[in-house]
Amino acid sequence: MSDKKSPPRPGKARIDRLRMDRVYPTVSSFFDLIKYYEAAEKLYNVFQEVYLLKQLDEAFVFGERYCYFCTDEEKGIPSHAYYLTKENAELKRKHHMQVSQVIDQLKTVMDWIDQEEIEKELQQQIEEDQKQRALGETQQAKLNDFQRRLEQQQQEQAKPTGTPEQVQKSAFDKLARLSNGNHKAQQEHSSSRKKQDPSGDVPTGKPSSRYGLMDVDSEDDESDELPPPVLPPPANGDVSQPPPPSYHTVASRRNFLGQAKVHPTNLPPPQQDLPPTPKPLTMSQLTQQYKQAYIEFHHAGRIRVTPIPSYQGRIPASTNGCTVISALVAANHLRRDLVTDTIVRIMDQDCVPLLQQIRSKLGLGGCALIIPSDVHDHLVDRKVLKQNEFEGAAGGNILDPIHFGSFTKLLAVGDDGKGHTRRAAATLFFRDHVISIVKMVGGGKVRYDLVDSLPGMTMSGQPMATRTHCQDLESLEVLLKWYCSRKFSESNCTYIDRNSKWDDAMADFDPRVFQGFVWMPKQ
């Protein structure tokens, strides 16, 4: 049996280049799975279009991207918590069939790429052969020309040169002709300068007019000498020459183009150089800025972190229960002051039966993530949250001051702008996790706490959730920016740097997307 490996396919290098930038949307279980299937269908349709047009590079990229998006169990559609539910079974079956079709088409695309690369290589070889042939013909022509000139030179050297006396006479004749030519040139030069000779002799005959524009016999110019320059007026003010014409006189004279006129020049002032537009900061630079601001506020005592002696997942049934835990924390704060013992009870006890009920109703697995809106609907039905206390929702780009500010403003003053002195609570969904933010009012001050059910610190070797106290709204905003920037992976940062402009159509796939829900009791 032979151990020889089969040679790589002709299009391997090209295909590898196309795979270098393989990217497709990362699926989050906190967004509706239907939206991801809609995106997959668009990707499939684009692939079919470029496949029919034989746009091979585009077809390969879109085809592979579609297949991975529909089959990758870590980042694709199968990673969504609602993937195995009965409601989505028909979509699942449809795209499985389409993936099989696209895989077969991709094999054809790769064969076409191989054929193109073979034809390209053959064409390059033909062009190289033609180039070498032309180069050889040029070199041969040069060699032939050199050989011809060499033979001609040898023939010239072989001719008789005559007797020494003949050679000497020929040389003297040439010198004589050269000497006579120089003597004649000197005579002509001397003749042209006779009128400037100190002896005063003037050459006879009339000179030609200057520049040769006048007839030889013209009486208008008796000498070709230039007139003397006009002297400046004497210092004593005795001006014998008339003064130069004024600007008005010159402007009103007639010229070859008609009456000259002076037009006012209403020219705009010279445009000043605008300062160059600064380049947007990279995500790495922004993260460093947010970190520095957080450190300064923390050292000033405006931000303070305290432990919570539990965390989601310590009790196995609470795993991936952040959506329910954050909503329960918000609901409890709207009724009474939130204490640490209440948060521990919510994480270890209260969330467990609710998680089981919601997952069962939706047909989800034991530890599946749940979309926030499904949790809110269930808690409203159970009267845990009150619909009339729902103040509003905000979302978009967490790095956009307008999008982010709309959420913090809703929490601080409410939808009508009159909620400064009313307590409030919010859940914030970002990067597959949900946290709680509670607003506390008392003693003429407004403070905010951020409750995160994931382990954020360790005490005595035990992981613990955290409750971070902020003295004011500015402190909360500094904390949230630092919190969110830490959630971005390296690939997220690369995506953000490449796509600095926000696109609402791609919001569900953008790592910067967030959703915030705010409740505020009515007075």
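Reader: What share of the protein's residues count as buried?
Author: This is a predicted model, to start with. Of its 523 residues, 34% count as buried.

Reader: And how many helices and strands does the protein have?
Author: There are 13 helices and nine strands.

Reader: Among contacts between residues at least 6 apart in sequence, what percentage join residues at least 24 apart?
Author: That comes to 68%.

Reader: OK, helix packing. At what angle do the axes of α2 and α3 cross?
Author: Roughly 155°, with the axes coming within 9 Å. Helix α2 covers residues 33-52 and helix α3 covers residues 56-71.

Reader: So which is it, roughly parallel or roughly antiparallel?
Author: Roughly antiparallel, because angles over 145 degrees count that way.

Reader: Left-handed or right-handed crossing for α2 and α3?
Author: The crossing of α2 and α3 is left-handed.

Reader: Which residues in α2 and α3 meet?
Author: On the α2 side you've got Tyr36, Ala39, Ala40, Leu43, Tyr44, Val46, Phe47, Val50 and Tyr51. They meet Glu58, Ala59, Phe62, Gly63, Arg65, Tyr66, Phe69 and Cys70 of α3. By type, the residues of this contact split into 14 nonpolar, one polar and two charged.

Reader: Now α9 and α10, how do those axes cross?
Author: At roughly 110°, coming within 11 Å. Helix α9 is residues 340-362, and helix α10 is residues 372-381. The two are therefore roughly perpendicular to each other, and their crossing is right-handed.

Reader: Which residues of α9 and α10 meet there?
Author: Leu354, Gln357, Ile358, Lys361 and Leu362 from α9 meet Asp374, Val375, His378 and Leu379 from α10. The residues in this contact divide into five nonpolar, two polar and two charged.

Reader: Switching to single residues. Is Asp114 buried or exposed?
Author: Asp114 is buried: its relative accessible area is 10%, and the cut-off for buried is under 20%. You'll find Asp114 in helix α4, residues 89-158.

Reader: What does the side chain of Asp114 reach?
Author: The backbone nitrogen of Gly11, at 2.8 Å.

Reader: And which residues is Asp114 in contact with, leaving aside neighbours within four places in sequence?
Author: Arg9, Pro10 and Gly11. So Gly11, whose backbone nitrogen the Asp114 side chain reaches, is one of the residues in contact with Asp114, given that contact means heavy atoms within 4.5 Å.

Reader: Let's do backbone angles. Where does phi of Asp432 sit?
Author: Near 60°, which is a positive value in a residue other than glycine. Asp432 has its place in the loop between β5 (424-430) and β6 (433-442). At 35% relative accessibility, Asp432 counts as partly exposed.

Reader: What about phi of Ser460?
Author: Phi of Ser460 is near 55°, again a positive value in a residue other than glycine. Ser460 lies in the loop between β7 (445-459) and β8 (462-470).

Reader: Is Ser460 buried or exposed?
Author: Ser460 is exposed, with a relative accessible area of 76%.

How values were computed: Residues are numbered from 1 along each chain as its sequence is written. This is a predicted model: local features need pLDDT of at least 70, side-chain atom pairs count only at pLDDT 80 or more; totals for chains, interfaces and linings use all residues. Side-chain values use heavy atoms; hydrogens and water are left out. Axes are lines fitted to C-alpha atoms, for helices over the stretch in contact, and angles run from 0 to 180 degrees between N-to-C directions. Helices (H or I, at least four residues) and strands (E, at least two) are DSSP runs, numbered from the N terminus. Angles under 35 degrees count as roughly parallel, over 145 as roughly antiparallel, 65 to 115 as roughly perpendicular and the rest as oblique. A crossing is left-handed if the near helix is turned anticlockwise from the far one by less than a right angle, and right-handed if clockwise. Ala, Val, Leu, Ile, Met, Phe, Trp, Tyr, Cys and Pro count as nonpolar, Asp, Glu, Lys and Arg as charged, and the others, Gly among them, as polar. Buried means under 20% relative accessible area, exposed over 50%, partly exposed in between (1.4 Å probe, protein chains only). A polar contact is a pair of N or O atoms within 3.5 Å; within protein, one must be able to donate a hydrogen and the other to accept it, and residues adjacent in sequence count only if both atoms are side-chain atoms.
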